[in-house]
Amino acid sequence: MNRKNSFQQKSPVAKVTVLWITAGLGCDGESVALTAATQPSIEEIVLGGLPGVPEVRFINPFYSYENADEYIDYLESAEKDELNPFILVIEGSIPNEQIKDEGYWAALGTDKKTGQPTTTCEWIDRLAPKAWAVMAVGTCATYGGIHAMEGNPTGAMGLPDYLGWDWKSKGEIPIVCVPGCPTQPDNITETLLYLLYQAAARAPLIPLDEALRPTWLFSETVHEGCDRGGYYEQGQFGDDYGSKYCIVKLGCWGPVVQCNVGKRGWIGGVGGCPNVGGICIGCTMPGFPDKFMPFMNQPPGSLLSAQAVMTYGKAIHALRRYTQASLNQEPAWRKRGEKLTSGYAAEIFKKS
Ligand code: SF4
Ligand code: SF4
């Protein structure tokens, strides 16, 4: 089910604050990935290099000049409605602070009155209701990711599990999930750009799928855009790493995983897991990682499909080779006669 576009921002805003919190359980992978975005780059967004985009104030602890209390001041200002409108970006999974005996799982800064750590959950509780839009970036923040594996002690979860899958922001926008471990850099900036255009009343409500992912980025499978798809179709499968052929037998889940890195590449259009020999382990999917384990084993479903493809793929490949050999020959009628009769060559014959 696609969430339909019915809402349109009525009054365009001139300035938007992007308030990014990296204090979930995570590795700062999305903040690092952001430096590699080129379509658009974060610099283009922040420095006003794109037409029709509101002025952007970008606050991320990884990039900010301000740190410690100065950074926390931004969060407190947002809570007091002094940075409106703002887009709250959450990176890292959300621990369950209700299932511990003492201490805390994740926190950011200290409460100036009590001197006690302010938990990440507390910041989300305070800021999410005030945000014009909320983005979860990375598979940890969207669906829990590695930290949410079965048996983990923190009860880690993604933002939709924490706030609720039907939760909506002040701007009437569902949580926008941009998964990936880490997220493909341009997928982060392009989604942010879409929201900025929406804030400027230049775009309708962002279209999201049932897992709250932007539909134009996540509706196709890795396999549908993979450089190695031609080998798959001809039943040519690699048995070792380093093979140029399809690596489904080495554990690639690309045929059933919704992710665009096959087409989009990783940095500046280059790379993308299976394109460069890395199996797809399904990191953009809500079922990651548990449903894809053990990694490096051939996906059970592919045993049947790969066998079926082998049966006809080899025959098709042989027939194509036959046709290819014929196409590598000029047509029978195109050959030199007793003498050349056209153009410059004909002139030479006349003179000789
Ligand atoms: Fe499909 Fe993976 Fe093979 Fe690429 S490597 S063609 S995504 S199965
Ligand atoms: Fe993740 Fe697979 Fe996409 Fe690579 S190709 S980013 S492993 S979903």
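Trainee: Which residue follows helix 3?

Mentor: This is a predicted model, and that holds for every value discussed here. Helix 3 spans residues 69-79. The residue that follows helix 3 has a positive phi, near 65 degrees, and is Asp-81.

Trainee: Where does Asp-81 lie, and is Asp-81 buried, partly exposed or exposed?

Mentor: Asp-81 lies in the loop between helix 3 and strand 3. Its relative accessible area is 37%. Buried would require under 20% and exposed over 50%, so Asp-81, at 37%, is partly exposed.

Trainee: What is the phi of Asp-28, a residue other than glycine?

Mentor: Most residues other than glycine have a negative phi. Asp-28 is found in the loop between strand 1 and helix 1 (29-34). At 24% relative accessibility, Asp-28 counts as partly exposed. Its phi is positive, near 65 degrees.

Trainee: Which residues of helix 3 are buried?

Mentor: The cover over the buried residues of helix 3 includes strand 1, strand 2, strand 3, strand 4 and helix 4. The buried residues under that cover are Tyr-71, Ile-72, Tyr-74, Leu-75, Ser-77 and Ala-78.

Trainee: Which residues does Ser-64 touch, not counting residues up to four places away in sequence?

Mentor: Ser-64 lies in the loop between strand 2 (55-59) and helix 3. With a relative accessibility of 18%, Ser-64 counts as buried. Leaving out residues up to four places away in sequence, its contacts are Ile-59 and Tyr-71.

Trainee: Why do the buried residues of helix 4 line one face of the helix?

Mentor: Helix 4 covers residues 120-127, and its buried residues are Thr-120, Cys-121, Trp-123, Ile-124 and Leu-127. Seen down the axis of helix 4, they line one face because they fall within an arc of 160 degrees.

Trainee: What covers the buried residues of helix 4?

Mentor: Both helices and strands take part in the cover. The helices include helix 3 (69-79) and helix 6 (159-163). The strands include strand 1 (15-21), strand 3 (86-91), strand 4 (107-110) and strand 5 (117-119).

Trainee: How far is Pro-54 from Thr-17 in space, C-alpha to C-alpha?

Mentor: Pro-54 lies in the loop between helix 2 (42-46) and strand 2, and at 6% relative accessibility Pro-54 counts as buried. Apart from residues up to four places away in sequence, Pro-54 touches Val-13, Ala-14, Lys-15, Val-16, Leu-196 and Ala-200. Pro-54 and Thr-17 are 37 residues apart in sequence, and in space their C-alpha distance is 9.7 Å.

Trainee: Which residues does Ser-302 touch, not counting residues up to four places away in sequence?

Mentor: Ser-302 is found in helix 11 (residues 300-327), and with 7% relative accessibility Ser-302 counts as buried. Ser-302 and Gln-184 are 118 residues apart in sequence and 25 Å apart in space, C-alpha to C-alpha. Without residues up to four places away in sequence, Ser-302 touches Val-248 and Gln-307.

Trainee: How many charged residues does the shell around ligand 1 have?

Mentor: Ligand 1 sits in the largest cavity. The residues around ligand 1 are His-223, Cys-226, Arg-228, Gly-229, Tyr-232, Cys-246, Ile-247, Val-248, Cys-252, Gly-254, Pro-255 and Pro-274. By class, eight are nonpolar and three polar, and the number charged is one.

Trainee: Where does ligand 2 sit?

Mentor: The residues around ligand 2 are Val-222, Val-257, Cys-259, Val-261, Trp-266, Cys-273, Cys-280, Ile-281, Gly-282, Cys-283 and Thr-284. That shell has nine nonpolar, two polar and no charged residues. The place where ligand 2 sits is the largest pocket.

Methods: Residues numbered from 1 in each chain as written. Chains lettered and ligands numbered in written order. Predicted model: local features only at pLDDT ≥ 70, side-chain atom pairs only at ≥ 80, totals over all residues. Heavy atoms only, no water. Near = heavy atom within 4 Å. 1 Å grid on protein atoms, 1.4 Å probe; cavity = no way out; pocket = protein on both sides within 12 Å on 5 of 7 lines; lining within 4 Å. Sits in = over half its atoms within 2 Å of the grid points. Nonpolar A, V, L, I, M, F, W, Y, C, P; charged D, E, K, R; others polar. Buried < 20%, exposed > 50% of the residue type's maximum accessible area, 1.4 Å probe, protein only. Helix = DSSP H or I, 4+ residues; strand = E, 2+ residues; numbered from the N terminus. Arc of directions from axis to C-beta. Contact = heavy atoms within 4.5 Å.
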